Every structure is written in structure tokens, then in C-alpha cells.
Amino acid sequence: MTSELSRREFLAISGLLGCALPLAGCSNLNGFVASRLGGGIPESVAVTNGRDIDPAFHLISRAGFGPWPGDVERIKKKGEKAWIEEQLEPEKIDDGLCDFRAKRFESVFLDPGTCYEFKREALRKDLCRYHLMRSVYSKRQLLESMVEFLSDHFNIYIEKGDCIYLKATDDRSVIRKNALGRFRDLVLASATSPAMLVYLDGKENKKEGPHGIPNENYARELLELHTLGVDGGYTQKDVYEAARCLTGWRLDSGSKRGTAYFDPNLHDDGEKNVLGKKIPAGGGAKDVEALVEIACNHPSTAKYIAKKLVAHFVSEEPPQSLVNRVAKRFSENGGQIKPMLREILYSKEFKESAGSKMKRPFQYVVSCLRATGADTMAGDEVLEYLTRMGHGPFQYPTPDGYPMEANPWLGTLLWRWNFAFALCSNTIEKANVSLDTLCSAIGLEDLENIKKTPEVLFAYMAGRRPNQEESKAFKDYVSRRDFKDEKVRDELIGLILSSPAFQKV
Amino acid sequence: MPDQSRRQFLKRLALRSDALSSASDKTLVCVFLRGGADTLNMFVPYADDTYYKIRPTISIPHPKSGKGNDSSIKLDDFYSLHPKLAPILPIYKEGRMAVVQAVGTDNPTGSHFETQDQMEHGDAFKKASGGGWLARYLRARFGNNLTPLSAVSIGPMLPESLRGAPGASAISTIDDIRIKAPCENPVVVAQALTALYGSEVGLLSSPGRDTLKLLTRVETLRAAEYKPANGANYPDSNFARGLREVARLIKSDVGLEVACVDLDGWDTHFVQGSVDGQQAALIETLGEGLAAFDADLASRRKQVTTLVITEFGRRTYENGSLGTDHGRGFAAMIIGDGIRGGQVIGHYPGLNEAKWVLGPAGMEVLYDYRSVLSEVLSNKMELRNTQSVFPGFEPQRIGIVKA
């Protein structure tokens, strides 16, 4: 298990369970536990109502997956700087409630050997649901945002070969372990990660001889996608030399099934020359370390990683001055990720970019679930919406990872709208919303109030008050609907989640 | 106020209904085999001994190998067909399908993404023209007279080739294209969304409006259940289902000008297989899908041209993992009326790989991929000037289309 509940929490939960079980009408234990432990919707939620997007709203929307009810006030109270610093030390943030939900997905905590005892389908569900669930509930939002970024950067397609049995280990020991650590550690862990060895054929890579030549697949992507970038200044010869360094890594098929080991007999132990740097003969299993060191120290890597991080957090057209500053942090600090994130999150460019990015479907779905304070175990139906929008977790076949830019996702609007309407009318299995609770927390006790002031609901969801056109659209809408029952309120909230404002971040 | 906007809304609806009559008379269907397809094992140069020498495990047996259904199917004195492509043999024999050998790009990176991007953008290496080549074609031929179903891609995302195409839509089946709002009378929701997206000025404004237009159009299509013609039997694959939806749209005359369908998974570095196995399964999916599509659209042969391309071929020799690494030249397929079908067009460059200065080796590229696309656009799609699609490119005449 990754992280245990504290003793106090455990006792509190056990106590709650004892009294919860006999309760009639409490259909979902998790939701019940969450609300009693302060993870539900607070009694009162303030609505920011400025013309521009509230800075605290912007911060959690970009550094995380958008506010959970009450988050914006919490950030304001703590101060944005203090919140960022807190997020940069995720191990100090109590995430007991999220961990409590996560325990349900037992296979994600197991080693590959044990995973082979599960059916593929069970592993796929556990892994995808776990990933989605953590993004919704984790209080370590910046960590989850980095996990999303890195899961694309070091993309693994779980339908290829045996990747499904190995990705949970990759998620734990490559991505999550190093997500706020050193970039070089990420690359090194990924290079010999069993899932990556399968996904990019590293386990087939062996020295040139009468029976074959090296398999360049991983070596090419290491330079093109993971470190230097396609214009990073490497040659085909560098790809070949890198592939030589990586020869000999294999996967155990016996008692330690699915773990990586090094077979010196398949390794090319001669001298290599990568990116103009010599790797002396006889390095054996250490060649990969030397290779990763050379690739990560190359100036193109600092620029490329900086550019991608800025694209993730700020704009798909990353401002060059910010990229330069972030790249400088990478080089100064030996590829430490935290200084780069500070440079980005404290920057003027970050603050000024509010509302200028489009959410990818995953972020859209997670932010809807968070904004409505949904009680979800991230069931199959939620995942189906993501699949429909072409953004199912770990379902991207090619190693470049899901596109970061908005354009390829512009065809998904209809599916977003339908997700929003289904969520708000409580028809998605394993995703329950209590819009009554949410509306009273916002101060909209009855339907008549909602009909009169739809802009308050909008402001809560969008972090700003509606502009003139938006106001008019909602006023027209409420004038055409009879607010006799809650269905209309549900539809109105669905409409707000469908509006252009909520597609943006 | 509500009355006025309702009137405006109805007026827009009326305009759309008019547009419905704009049936296309030339539809281009682009199939992209993603991952770099090993076309050498699809159109087999069986008369070249080198082929069998450098592919000891994965080659497709000689037509006279005596292996029955495991032999390739003879096309002429030099080429034979992968047995799993048998479903399209009749199309080839009827002269409606041509194959162009040794097509490719000048891209030396050996990268799937770089090369796919370059091809979908219709560019030379490192020379961006802006947007996708199909988008430029649509604009060049139709200007702003495009409708939400003018360009459709099957699948969750728009391909790069349609980047910048006004009103291109990504769909999987037309049946699920509708707004499912909680209350009755979804028109009220559509009106609100029309107002919200109509006042957008940024990136989302036209996708929002186009989506709403698409919804109205599809409503009319949905009424009728779809039955493929001529006993066309679409197999159970995403690829075939995609083609089936394209056929449905074509026969519904909704003005479909361009359709994109992908078939993924051709990156066969490892245990590629021969007449069976990893690549053979894909070839079967491709062959069966194209054959069903062709049968279904027999009445539309004058209208429909189908193009099958990939980003690059593979190395001519097999690697140590019984697969093939990224290569260069590939064979493109064109299906349609009026083409010089029933033959493999283009010089066979041989399997010698030693000539490349930059980038991975592979079959020599004798025909820039844009020459193939240009010829299809100018001779089949009646586009007068291909310079608007491939600026600065002088196409080489290949002779795919009958003069």
C-alpha cells in the first residue's frame, strides 16, 4: 500500500462505519465517510464574482484539476504562495480520504508477478479508475497534475503486449515516485521500467551479431520524445549508439515474472559515442546511467522539458522568456523539477494566462466532478465518456502521448455536453451529485432563487461573473424554462458546465 | 427578446435545411495506415530473389511455393498479393485499383509523428504551409461553402490533415450524435448553446457552432435504419465500422467531400509475422473493410475515390526481433473509377538500402507523396490548381489517372 491512513483517521472511520451501516438511505459508504471527515461539500461556499477569473480559482484550475467546493476560500485564507509551497511537499499533505477510496483498487499496489494472477480487464479497470479517482479526490493536486503530464511524457499504452501487468508498477516507481523529484531519475527509472521495456521493445534489444542487430525503438524515443526533443541535435548515429548502450535488458519470466534484469551476454560492451561524449567499453549495466546522464545534461533537454512544462501549465504557445527561465532552473539544479515549477507558478506569464487554455477531456471530466462535489468511485461509465472523447487513461497507442494542444480535441464538444447533462441529472453510474447540497452551500436555497440569479451559479463554476452575452444567454434560457422541479436546475448546471467558459482553464 | 432569438434560431435552421441539398459529386476517402506499414509484404516483389534472402522468416511465400492459401497471389510477372488481401483482388483485376510503388517523403527523422505530421500537413521537410492538406483542398475547392458534414473523420480526434478545415467533425457513428439534456424539448438547450458559442470569439466559437449545425443535420439521417447494399459484409472491426458510417453518409447525400479513417498498429518492430501473425491480422482487417466498402458503394463509383497511405515503409530486411524497423518508400493504393488500375505503377527501385545520406534506410523513394496526392486532386477531384494545396511543389506526373 502506498500510504496508510493515520491511526486517528482509521479509528474515526471505523467508528463511522459502525454507525453508518445500519443507516437507511445512505447508499454510498464512501460518500458518507467523506462527508463526515470533511471531504464533502462544506455548509457554505463563497462565490467569487469579479469580472476576471479569480487568481486562487486560476491557481487550482491550472496547478490541479479545478476547485472542489470550498477550495478557493481555503487557498485565499492560506495565501497562494503558501498553497504552492504546500503542494510542492505532497508527502506532508494528509491524503487519507483519497487513500481510503484508493484501497478498493487493490491491484495497483501489487508487484508485476502478482498482477499476472489477475485478468487483464480487472487490471485495466483498477488502474484507470484509480488514476481518475486520485485526480478527483487527492489533496495533492499539483502532484496529480504532474502525474498526468508525465504519464503522457513517458507514455505507456497498456494494451500493448504485457504492459497492462506492468504499468501499475511503472506508475508507482517511475512516475509518482519521481514526479516532483529529479528529471534524470525519472528518465533512468523509465529506461529500465518493465512496462517501458515492453512498450518500446527494449527487452528485444541486443548487441549486433550474426543473429541480429540492436532494436532502436526505445533509443530513438528516448532522444526524440523523452529528453532532447526531435530538433534537439542528435543524429541517426546517436540513436544507434544509444541503442547499443541499452542492449541486454530483459524481463524475468520465472519466479520474478515481469521484473527487469540485465543479461551481460546480450549487451554490447564496446565503447560508445553518444552526442559527442564517449562511454568507455566495459560499462555493462551502468551504460544506461551514463547514457541518461549525457542525454539529460544536453542543453536541448533543459529547453525541451521547460517548453513542455510551460505548455502544460501556461500556454500551448509557451512564452519564450519564461521557457528560458525555466530551462535555466533545470540546468542550475541538476534537473530538479520543483524549482522549475516554482518559476512557472510564480510567474507573471502564469498569472496573466487565466482562461486562455482549453481543457483536455480528462481535465474537463475531472473538473466537472470536482466542481459539483461528486461522490464517485470513477466507475466504468465515467471512463466510457473519456474513451468516447479519445482520452481514456493509458490508452494512447503511440509514444508521443496524448496531444497537449487544444486543436485535436475540438471535435469533442458534443460529448462534453452530454457528460455534463448526464452528471447533473445523476444518470451516470457510480458518479452521484447532490446539487441540492451544492446549491444551498452557494446560498441558492430554492428554485425560484436559481431562476432569478443563474449568474451566481455560473460565477461559482467559472471563477468569474458572466459577461454580457453569457448573462443574456442564461437569462433567456431561464425565461424559457418552467422551474417547477429540480430537473430544470440540473439542466441549468449542465448547461453552465457545457458553456465555453467551463471548457477553458 | 426570447421571441426574437427564437426567430433567429428558426431562420438559421431554415438555412441549414437548404444546405442539406448540397450533395457532393466527388468524395475523397483517405485511409491512413498509422505506424509505418510494411507494404513490401502486401505487394510482394516475388520475382526479386533478394526479397527472400533478406527476409528469411517474415517474407510472404512465392505464388508458386505450393503452399496453397499460404502463398501470395500472383498479380503479374513481378508482384504478388498478400493472401489476406484476397478480398480486394477483384477490385484490382477490374482495373479500379492502382498501386504506386516507391512513394514517400523527404523526411529523414525516421519519426512516426514528424513524418505523419509532415504528410498530413502536405509539406516538404521543415517547410510548413500551415494547416492540413485536406483542409487546404477543401478551402481551395469550396471556399466558405462548407457544411458541418463536409469533412468527417471517424474516431475521437480530428487528424492533422483536417487541421484548419472549417467544420470538420470527428464522429464514430451517426446514431449517437444528439444532445441528451434532462428536460423535454432540447431545442431550448440548443438555443442556449447557440447563444453561448455564438458570442465566443476564440478557439471554441466555430467548433461550438459547427457542432450545433451537425446535430440538426444528423437528426434527419437518423430516421432511417442503414442497410449496406449489394450484400456488402462489413466485418466486426472498428475500421470496417468506420467505413460503414462513411458509406452511410455518402449515400445520404449530406455533402460529404472528405472522409478520414485510420487503421493503427503497423509499427511492427517485433515479430511481424508472415501470412499469419501481427501484420497479417491488420492486412486482413484492411482488405475485408475495403472490399465491403467498395461493394456497398457500387452505385457511387463515379463519386468516390479512396486513397490508402502510410507515413513510411519499413527496412527491406528483417531485424533481429523478426520484425522490421522504420524505413522509407512505401506502396500507396488508389481505388476509384477512371484510374489506370490493375497494375503496380512506378519503377521498382530494388531493395538496396545503401544510398541514404541522412536518416534511416529503406526502399528508395522515387515519387514524392505529394505527386500522388496532386494527381488525385487534379485529375479525380477536379481541383484546377494544386499549388493552393501544395504551395511551391511541382508534381511529377505518375500516370495514376487515365489521361
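pLDDT is the predictor's confidence in each residue, on a scale from 0 to 100. Chain A has a mean pLDDT of 92, with 92% of its residues at 70 or more. The model is predicted, and local features need pLDDT of at least 70, side-chain atom pairs count only at pLDDT 80 or more, and totals for chains, interfaces and linings use all residues. Residues are numbered from 1 along each chain as its sequence is written, and chains are lettered from A.

**Confidence**
- Residues 1-27 of chain A stay under 50 in pLDDT, and the model gives them 20 contacts beyond four places in sequence (two residues are in contact if their C-beta atoms, placed from the backbone, lie within 7 Å).
- Where pLDDT is low, the predicted coordinates should not be read in detail.

**The interface from the side of chain B**
- The contact takes 52 residues from chain A and 44 residues from chain B.
- On the side of chain B that touches chain A, α1 (2-19), α4 (112-121), β7 (168-171), α6 and α7 (205-222) each supply at least two residues (helices are DSSP runs of H or I with at least four residues, strands runs of E with at least two, numbered from the N terminus).
- The largest share of that side, seven residues, comes from α6(B).

**Helix α26(A) against helix α6(B)**
- The axes of α26 (residues 468-480) of chain A and α6 (residues 187-198) of chain B come within 9 Å and cross at roughly 170° (axes are lines fitted to C-alpha atoms, for helices over the stretch in contact, and angles run from 0 to 180 degrees between N-to-C directions).
- The two helices are therefore roughly antiparallel, a term for angles over 145 degrees.
- A:E470, A:A473, A:D476, A:Y477 and A:R480 of α26(A) make this contact with B:V188, B:A192, B:A195 and B:L196 of α6(B).

How values were computed. Angles under 35 degrees count as roughly parallel, over 145 as roughly antiparallel, 65 to 115 as roughly perpendicular and the rest as oblique.
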